[in-house]
Amino acid sequence: MIEKIEQLIQEIESLKAASAEELEALRLKYLSKKGIINDLMADFRNVPVEQKKAVGQKLNELKTKAQDRINALKEVFDAQKAQGEKPDLTRTAYPAPLGTRHPLNIVKNEIIDIFSRLGFVLADGPEVEDDWHVFSSMNFAEDHPARDMQDTFFVESHPDIILRTHTSSVQSRVMEVTQPPIRIICPGRVYRNEAISYRAHCFFHQVEALYVDRNVSFSDLKQVLLYFAQEMFGQDTKIRLRPSYFPFTEPSAEMDISCNICGGKGCPFCKGTGWVEILGCGMVDPNVLELNGINSKEYTGFALGMGIERITNLKYQVKDLRMFSENDRRFLEEFESAN
């Protein structure tokens, strides 16, 4: 058997092929499951024990030389083929890596989808706004702290022009030109004059919702909040409402959800309370309706607002807000499966 293997080794070292078809035929002859080398491997079991080591070494040598020779011939054909082909300069570079959606966009679209099932439609407005739509029409008093330079970016040459601090300005723009029923959701970027850190930024993203119609009640608001929480965080999610204050709603509340990490049992993320705050809400103050041209004696409404970064943190455990705006590809590629 060793003599036969030696002959095959010499035969393989002198192999030649004039075409890719001939090369494939040689590969099948020597290396396929029905090839010569595979048949020898099958006969190996019949080799006497004292010869197995020597025969086994020769078989391995034969197989290695056959693979190397076939590969060498293939490289020659590939090189010849490459030289004979002209590159297509109009072709997109391959492979073209697929991009990923930004985590804030993923969560924003999910929020919009949830509210769209309840009949809310998208509304948009400018990021550079005037004082009326951002503050005055939302029932902010002249001496309200939010008007202070520490919170708001003002345009120096036009004191009444500012970068919006919340998307409530969109609600005002819709109400002043639309009579109820109004059911809108307003996502967008907002700006506040804050020091940048892992937990705060000078710009961030909000989603606010507004519903104005006859006989709208706090019960309607609560049902919408429960539906949203369970659609976003799971059907086992619980909510609680705590009294709060906002100039544009009365009564007002902060909404907490049961911690989606520990299931409400208490953990470091929820500081052992089992609850995590996610948004503010309330019934639209009658003054806001009147300021925007809606009869508060005929109509009532509710409003709610949340930070998209806050919801994204809860879903994906992003602990540093700066990651959302630094465009680090390593961070963004973590969200490929969420697209």
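**View 1. Helix H5 packs with helix H10 (residues 308-316) at an angle of about 100°, their axes lying 9 Å apart.** Helices (H or I, at least four residues) and strands (E, at least two) are DSSP runs numbered from the N terminus, while axes are lines fitted to C-alpha atoms, for helices over the stretch in contact, with angles running from 0 to 180 degrees between N-to-C directions. H5 and H10 are therefore roughly perpendicular to each other, where angles under 35 degrees count as roughly parallel, over 145 as roughly antiparallel, 65 to 115 as roughly perpendicular and the rest as oblique. Pro103, Leu104, Ile106, Val107, Lys108, Glu110 and Ile111 of H5 meet Ile308, Glu309, Ile311, Thr312, Lys315 and Tyr316 of H10, contact meaning heavy atoms within 4.5 Å. By class, this contact of H5 with H10 has eight nonpolar, one polar and four charged residues; Ala, Val, Leu, Ile, Met, Phe, Trp, Tyr, Cys and Pro count as nonpolar, Asp, Glu, Lys and Arg as charged, and the others, Gly among them, as polar. The model is predicted, so local features need pLDDT of at least 70 and side-chain atom pairs count only at pLDDT 80 or more, whereas totals for chains, interfaces and linings use all residues. Residues are numbered from 1 along each chain as its sequence is written, and side-chain values use heavy atoms, with hydrogens and water left out.

**View 2. Helix H5 (residues 103-116) also packs with helix H8 (residues 218-233), at an angle of about 135° and with the axes 10 Å apart.** That angle makes H5 oblique to H8. On the H5 side the contact is made by Val107, Glu110, Ile111, Ile114 and Phe115, and on the H8 side by Val224, Tyr227, Phe228, Glu231 and Met232. The residues of this contact of H5 with H8 divide into eight nonpolar, no polar and two charged.

**View 3. Helix H7 is largely enclosed by the rest of the structure, because seven of its eight residues are buried.** Buried means under 20% relative accessible area, exposed over 50%, and partly exposed in between (1.4 Å probe, protein chains only). The buried residues of H7 are Ser168, Ser169, Val170, Gln171, Ser172, Val174 and Met175, and they pack against strand E2 (128-130), helix H6 (131-134), E5, strand E6 (203-213), helix H9 (286-291) and strand E10 (300-307).

**View 4. A cis peptide bond, with omega about 5°, joins Pro180 and Pro181.** Pro180 is found in the loop between helix H7 (168-175) and strand E5 (182-191), and Pro181 also has its place in the loop between H7 and E5. At 11% relative accessibility Pro180 counts as buried, and, residues up to four places away in sequence not being counted, Pro180 touches Val212, Asp213, Ile294 and Tyr299. A cis peptide bond also joins Glu250 and Pro251, with omega about 0°, and Pro251 lies in strand E8 (residues 249-258).

View 5. Phi of Asn139 is near 70°, a positive value in a residue other than glycine; Asn139 lies in the loop between H6 and strand E3 (154-155) and is partly exposed, with a relative accessible area of 25%. Asn215 has a positive phi of about 60° although it is not a glycine; Asn215 lies in the loop between E6 and H8 and is exposed, with a relative accessible area of 72%.
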